[in-house]
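Reader: Hi! Could you walk me through this one?
Author: Happy to, here it is.

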Amino acid sequence: RIANEGEIPSPALLVYPDRIFRNLERMVEIIGDPERLRPHVKTHKLPEIISMHLSLGITKFKCATIAEAEMVAGSRGPDVLLAHQPVGPNAVRLRFLADRYPDTAWSTVVDDLGMVQTLSEVFAGAESDLGIYLDLDCGMHRTGIVPGPEARAICEAVEQSPNLALHGLHSYDGHNNDSDLEKRTAQCETDFAPVLAFRKELEAAGIKIINLLASGSPTFPIHARHDDRECSPGTTVLWDFGYGDRFADLPFENGAVLLTRV
């Protein structure tokens, strides 16, 4: 309940820092180690919330846009992953941010050989190599490449490209959102089996996979049980009325409301 709604212009987004902080604490509790968290910032885009993350030892962040990446770096985020392939002018803009914020570790995703060449050329002369995650399609069919020979060729190309460093595999399972935890868990494990098999194949071929980045918010607790991967929930930070209705197993609070007048 808002006690002073008569004083607040509308529409306005109202955030509750105490609830947000408790949500972040729950995220750390679920995964056990803040170093295994790489929360998605697209659901809040607020520097103040980045500071809350940092105060709990969460130092890695995932972004959907260049603007979000700049916000995190400007908020002293130590590690930023741009989780959309930087096509067109975004490759140059990413290099600009890497030069402007040299204390931040930068990485992005790729699912195309041509993108590997472009990024290698754009990052020529950069102070640090650009981290690369191979984006794998584990069933959502929105972005990423299916595990297999073409995907392996991209990993090999990254390893052979100057100015780039293969950091790992990225696979987002946002399609897996059944309200029943047992069904969601079974589907999550089925979808991820090819990803895990592909990682074994790469490592057997001498291609080192440092990180495996997984999960949306509904599958976050499922992936968190496995200590071989990082998790990137996003909605868990502010939570969501619809998610609260659908996912009784997720213990988060609504940390923001919209005030409006009709």
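**Helix 7 and the chain around it**

Author: In helix 7, Arg184, Thr185, Cys188, Asp191, Phe192, Val195, Phe198, Arg199 and Leu202 are buried, meaning under 20% relative accessible area with a 1.4 Å probe, protein chains only. Helices are DSSP runs of H or I with at least four residues, and strands are E runs of at least two, numbered from the N terminus.

Reader: Thanks! What should I know about the model itself?
Author: This is a predicted model, where local features need pLDDT of at least 70 and side-chain atom pairs count only at pLDDT 80 or more, while totals for chains, interfaces and linings use all residues. Residues are numbered from 1 along each chain as its sequence is written, and side-chain values use heavy atoms, leaving out hydrogens and water.

Reader: What covers the buried residues of helix 7?
Author: The cover includes strand 5 (130–135), helix 6 (149–160), strand 6 (164–171), strand 7 (211–214) and helix 8 (220–224), going by contacts, heavy atoms within 4.5 Å.

Reader: Where is the kink in helix 7?
Author: At phenylalanine 192, shortly before proline 194, and the kink is about 35 degrees. The bend is the angle between axes fitted to the seven residues ending there and the seven starting there.

Reader: And what follows helix 7?
Author: Glycine 206, with a positive phi near 90 degrees.

Reader: How much of the chain is buried?
Author: Of its 262 residues, 48% count as buried.

Terms used: Buried means under 20% relative accessible area, exposed over 50%, partly exposed in between (1.4 Å probe, protein chains only).
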